[in-house]
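This report goes through one protein chain, from its overall layout to selected side-chain pairs. The sequence and model come first.

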Amino acid sequence: MLLTAAPAFSLVNPQVEHQGLPLFSSVPSAQSSSSFLRLSSPSNGVGSAVVFASKGSENKPLTGVVFEPFEEVKKELNLVPTLPQVSLARQKFSEECEAAINQQINVEYSISYGYHAMFAYFDRDNVALEGFAKFFNELSLRDRGQAEKLMRYQVLIYAVFCFFVMFSVLYNFGHLSMEFALSMEKIANARLLHLHRIALRNHDAQLADFVESEFLSMQVEAIKKIAEHVSQLRRVGAGHGVWHFNQMLLREGGIA
């Protein structure tokens, strides 16, 4: 931005130093109906300049002065995106972290889809294991909630969502349902650790803390709980033992 001065302003270089004046000071002028603004150096005022303003027209116009108020923040202004599909508020969020979060969202939704299919299987009339159905429905809701939590984080840092095709799920689970659940929990945990490593590699402290505080501890607890169920089911065997285990799942609280 160029500042054009009016003809009544002039820039002079005084030979007499004004001791004791601040960096910007208004000092009465010896000329009639005029005043000047002194711009001095912090030490002794050597090389200082004085801008005169008067009603008269005998002063020479002010030239060679450029006013650039945004010069110091020019680099920051260049960081503001101009493309319409890019968020204006996004700042210092790497594309690698964004892609890793999107992958984790799809993992959570895929696992939730698998658990929901298992819930539907055990809720059938010719299976009728309501405890298993309740257990896997709660797991499905939990993983969908984790996916939504990651999506809310993406909204917080103004990222873009990308959804993939979910994997296919076996229809007849039977007694292998807990083993299948345990394998999915381990997959989710491995992907969360991968996301955490990417956050650390990109020096994204906020994302690393988010993964640690919201996901990792809960995921380890879920793995331990389901591993215990696998051991118990192997011990009771098929038949009547599965029915008793189903009753236990009905009575106990959810894993989420």
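## Basis of the values

The model is predicted, so local features need pLDDT of at least 70 and side-chain atom pairs count only at pLDDT 80 or more, while totals for chains, interfaces and linings use all residues. Residues are numbered from 1 along each chain as its sequence is written, and side-chain values use heavy atoms, with hydrogens and water left out.

## Overall layout

The chain holds four strands and six helices. Read from the N terminus, the order is β-β-β-β-α-α-α-α-α-α. Helices (H or I, at least four residues) and strands (E, at least two) are DSSP runs, numbered from the N terminus.

Of the 256 residues, 34% are buried. Buried means under 20% relative accessible area, exposed over 50%, and partly exposed in between (1.4 Å probe, protein chains only). The accessible surface of the chain is about 15800 Å², and carbon and sulfur atoms account for 60% of it; these areas come from the Shrake-Rupley method with a 1.4 Å probe, and for residues only the protein chains shown count as cover. Among contacts (heavy atoms within 4.5 Å) between residues at least 6 apart in sequence, 71% join residues at least 24 apart.

## Nonpolar cores

A nonpolar core is a set of buried Ala, Val, Leu, Ile, Met, Phe, Trp, Tyr and Cys residues joined through side-chain atoms within 4.5 Å. The largest has 25 residues, and those touching the most other members are Tyr115, Phe122, Phe132, Phe135, Phe136, Met178 and Ile226. Two or more residues come from each of H2, H3 (130–156), H4, H5 (205–236) and H6 (240–251). H2 gives the most, with six residues. A second, separate core of 19 residues includes Phe93, Leu150, Tyr153 and Ala199.

Leaving out residues up to four places away in sequence, phenylalanine 132 touches several residues, among them Phe122, Met178, Leu233 and Phe245.

The side chain of glutamate 108 does make a polar contact of 2.9 Å with that of glutamine 104. A polar contact is a pair of N or O atoms within 3.5 Å; within protein, one must be able to donate a hydrogen and the other to accept it, and residues adjacent in sequence count only if both atoms are side-chain atoms.

Alanine 188 lies in helix H4 (residues 177–201) and is buried, at 0% relative accessible area. Beyond four places in sequence, its contacts include Glu108 and Gln219.

## Salt bridges

The whole structure has eight salt bridges, each a side-chain nitrogen of Lys or Arg within 4 Å of a carboxyl oxygen of Asp or Glu. Arginine 142 and glutamate 185 form one at 2.6 Å, N to O. Arginine 142 lies in H3 and glutamate 185 in H4, so the pair ties together parts 43 residues apart in sequence. Arginine 142 is buried at 7% relative accessibility, and glutamate 185 is buried at 0%. Arg142, Asp143 and Glu185 are linked in a salt-bridge network.

Glutamate 228 and lysine 224 form another, with the closest N and O atoms 2.4 Å apart.
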